[in-house]
Amino acid sequence: MATLFLHPPFDAPDVLAAILPDGPPLATRAATLGDLALAGDGGVRAALVRRPGAEVAGHLAEPTAGQRARLDFAMAALGAAPEPVAGGAEAYVFADAPDGAAEPRPAGEARQRLIEALTEAMDHFGRRAAADMPFLMHGIAIRALGRARGPETRVPHTLGSGFGTGDVTRERLLRPYAHYFGMEEHRVRHRRHDGGQSAMLERAVFTSGDAVTVLPYDPRRDAVLLIEQFRAGPWARQDPRPWCLETVAGRSDRAEPPEATARREAEEEAGLVLGRLERITAYYPSPGIMSEYIVAFVGEADLSAAGGTHGLAEEDEDILSMVVSRADAGAAVASGEINCAPLILSLLWLDANAARLRAEWAGL
């Protein structure tokens with residue numbers, strides 16, 4: 001068995017368990033190797049780079065052939081491959097290193113995100129070529145961040161039953177499809193409202209990770225900024241107008257608060273620097289079939305010079321932004337021209353709160 005140097009955080013027992021879920025834990029011993037440094041992208045990618053004079057503290061191990069195959073697959077998904085290092089061992093080194101440094105011992109949300117991402121990635125072991133995996137990891141990391149944040153969601157139950165995850169029994173989870181978005185097949189039983197147990201249920205879930213929306217609002221002009229872009233959903237339904245009027249929105253794909261995502265997306269999609277933000281709510285747009293969880297904001301904006309075409313070229317975005325009065329936006333909801341649920345929700349909330357925001361934000 002070849003000796004393998006495991007760099008942090010992949011030498012930690014809980015992280016290793018996501019890669020090697022079966023069998024006894026991998027036996028390791030502490031070691032420090034020189035001329036190597038830990039690099040990362042601020043997300044789930046972390047591996048080694050060659051750096052004279054640097055050193056990394058990790059662990060040596062002698063995995064079995066089966067364990068080694070799984071470890072090689074996991075690290076290939078993150079863009080690293082085994083290379084010879086000092087002492088006759090091998091270690092995982094980036095072929096194309098990210099610019100940033102990696103946290104050697106992530107904690108909290110970051111650690112759970114890594115474990116969730118590795119767990120999903122390893123579901124593809126034996127079904128996909130390792131070379132395919134780096135392309136999938138961006139979407140996997142977005143979904144992993146949503147799953148890491150999910151258990152921290154706090155929902156009151158003054159009206160509901162108060163049932164929770166402890167009232168559900170998971171029998172099986174399959175992931176038959178993964179790309180930027182994913183599909184999961186869950187087999188579960190759950191507690192019934194009559195006190196009994198449900199039959200075995202098969203439920204398919206479209207998984208996309210969490211998202212943020214922000215409706216830019218100019219309180220002095222009583223106007224909002226809307227965007228328009230082509231959408232695959234209406235196209236798939238054969239809607240004659242697959243371009244939708246929407247609010248600024250984006251995936252929660254970085255380890256940042258939703259407020260930071262809202263500000264970043266406003267700059268990318270509309271060229272706006274927002275002032276004050278007010279959280280509207282957080283919600284599941286279609287909980288029967290989707291895991292998507294949206295945090296919605298209204299953002300203070302000066303819309304005097306707003307509008308035009310925006311979007312990131314690397315994401316193939318073609319976004320038209322336009323400034324309309326709040327009254328005209330409401331009329332478009334009534335006529336059906338605005339048919340995007342997050343925008344409708346945001347506009348209805350704004351109608352109920354516009355007078356207060358104009359007083360607080362503009363002294364009107």
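Which residue in β8 is the bridge partner of R172? The bridge partner is R187.

1. Basis. This is a predicted model, in which local features need pLDDT of at least 70, side-chain atom pairs count only at pLDDT 80 or more, and totals for chains, interfaces and linings use all residues. Residues are numbered from 1 along each chain as its sequence is written, and side-chain values use heavy atoms, with hydrogens and water left out.

2. Sheet. An open sheet is formed by three strands in the order β7-β8-β9, with antiparallel pairing. Because β7 (168-178) and β9 (201-207) each have a single partner strand, they stand at the edges, and one side of each lacks a neighbour in the sheet. From one strand to the next, the twist averages 25 degrees. Strands (E, at least two residues) and helices (H or I, at least four) are DSSP runs, numbered from the N terminus; two strands pair if DSSP finds at least two bridges between them.

3. Hairpin. β7 and β8 form a hairpin with three residues between them. Eight bridges join β7 to β8 (residues 182-190), and L173 stands opposite H186 in β8.

4. Helix on the sheet. Helix α4 (residues 133-149) lies across β7, β8 and β9, at about 160 degrees to β7. Axes are lines fitted to C-alpha atoms, for helices over the stretch in contact, and angles run from 0 to 180 degrees between N-to-C directions; contact means heavy atoms within 4.5 Å.

5. Helix pair. The axes of α2 (residues 65-77) and α3 (residues 108-122) come within 10 Å and cross at roughly 115 degrees. R70, F73 and A74 in α2 meet L118, A121 and M122 in α3.
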